[in-house]
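The following explanation leads from the overall fold to a ligand site and then to a single residue. Please keep the sequence and the coordinates at hand while reading.

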Amino acid sequence: MTCALEINNLYFRYNEFSLEDVTMNLHLGEQKALVGLNGSGKTTLFKLILGLLEPISGSIHVFERKAERENYWEIRKDVGFLFQSPDDQLFAPTVWEDVAFGPRNLGMSEEEVEQRVEWSLDKVGMSDFINRPVNQMSHGQAKRVALAGVIAMRPKILLLDEPFAGLDFPMVSTMVDIIQDLRNEGMSLLYTTHNRFFLENWADSIAVLHDGKLIYDGPTESALQDNSINKQTGNWDELGNRMKRHRGVA
Ligand SMILES: Nc1ncnc2c1ncn2[C@@H]1O[C@H](COP(=O)(O)OP(=O)(O)OP(=O)(O)O)[C@@H](O)[C@H]1O
Ligand SMILES: [Mg+2]
């Protein structure tokens, strides 16, 4: 299988925390959930993949290109990243300008930029907000616009840090549909979530980080039968049932 993302024996250290010997692959078109308790190193791993942090040793390859400073811009063309909080992502005065920023940065013509903005806002159901100041939206709306800004660059790999956090049920449902849509178009997805329902229903595979170490990387089914992994993902049956009711599933 072709690897979208290949992480080998990665080491990284903050003062009080280290990622140790992380080896993990994301295959082309795969949807992998990265789970682990607060502070286990999920966001840190994302930052390393993006090249925002540099490893002590080990390597990350994105479509066989080494993730390092000199390849940063090439890597960013392939990898889109949705921050945990949309406040960290939206910065232009209006929705239009914010979503246009990425495509413009890729050097597209104004006509192409306009097409990308319209396509991605339509995809996330936010076309009506195109002229809205970015600071005049609800959290869920801002999150959708942030996602539009990411997909406007048509990345081949999407890293989503807690894409469902802070969203109400209709918005979660919409977000799930958007993500499935992107996946059907061939994007490879790596997302963090604390929500077991999404693991059970949407993840092909699960990688589990515990205190900076990868303790599991494999099929979802066997992960969810493993008690030590269950402790990391919690029991979300009730949320799952509510989601099913909302989505009209018996
Ligand atoms: N800039 C930083 N400087 C020093 N330590 C940091 C920094 N950022 C994060 N850490 C520490 O690194 C560890 C991993 O943090 P990280 O944000 O990767 O966790 P996480 O798995 O994403 O957690 P959460 O589920 O809360 O989002 C934590 O112990 C955190 O305190
Ligand atoms: Mg995090």
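The paragraphs below treat the protein as a whole, then the surroundings of its ligand, and then one lysine.

The model is predicted. Its secondary structure amounts to ten helices and ten strands. Along the principal axes, the C-alpha atoms of the protein occupy a box of roughly 50 × 50 × 35 Å. The radius of gyration is 18 Å, which agrees with a compact globule, because a globule of 250 residues would have a value near 18 Å. Of these 250 residues, 38% count as buried.

Attention may now turn to the ligand. Which residues surround ligand 1? The shell includes Tyr 14, Asn 15 and Phe 17. It also includes Gly 36 and the run Asn 38, Gly 39, Ser 40, Gly 41, Lys 42, Thr 43 and Thr 44. Sorted by class, the residues around ligand 1 are two nonpolar, eight polar and one charged.

Lys 66 counts as partly exposed because it has 13 C-beta neighbours inside 10 Å, and a residue would need 20 or more to be buried. Leaving aside residues up to four places away in sequence, Lys 66 touches Ser 59, His 61 and Asn 71. Lys 123, by comparison, is 57 residues from Lys 66 in sequence, and the two C-alpha atoms are 31 Å apart in space.

Key:
Residues are numbered from 1 along each chain as its sequence is written. Chains are lettered from A and ligands numbered from 1 in the order in which they are written. This is a predicted model: local features need pLDDT of at least 70, side-chain atom pairs count only at pLDDT 80 or more; totals for chains, interfaces and linings use all residues. A residue is near a molecule or strand if its C-beta atom, placed from the backbone, lies within 6 Å of it. Ala, Val, Leu, Ile, Met, Phe, Trp, Tyr, Cys and Pro count as nonpolar, Asp, Glu, Lys and Arg as charged, and the others, Gly among them, as polar. A residue is buried if 20 or more other C-beta atoms lie within 10 Å of its own, exposed if 12 or fewer, and partly exposed in between; C-beta atoms are placed from the backbone. Two residues are in contact if their C-beta atoms, placed from the backbone, lie within 7 Å. Helices (H or I, at least four residues) and strands (E, at least two) are DSSP runs, numbered from the N terminus. The radius of gyration is taken over C-alpha atoms; the globule rule is 2.2 Å times the number of residues to the power 0.38.
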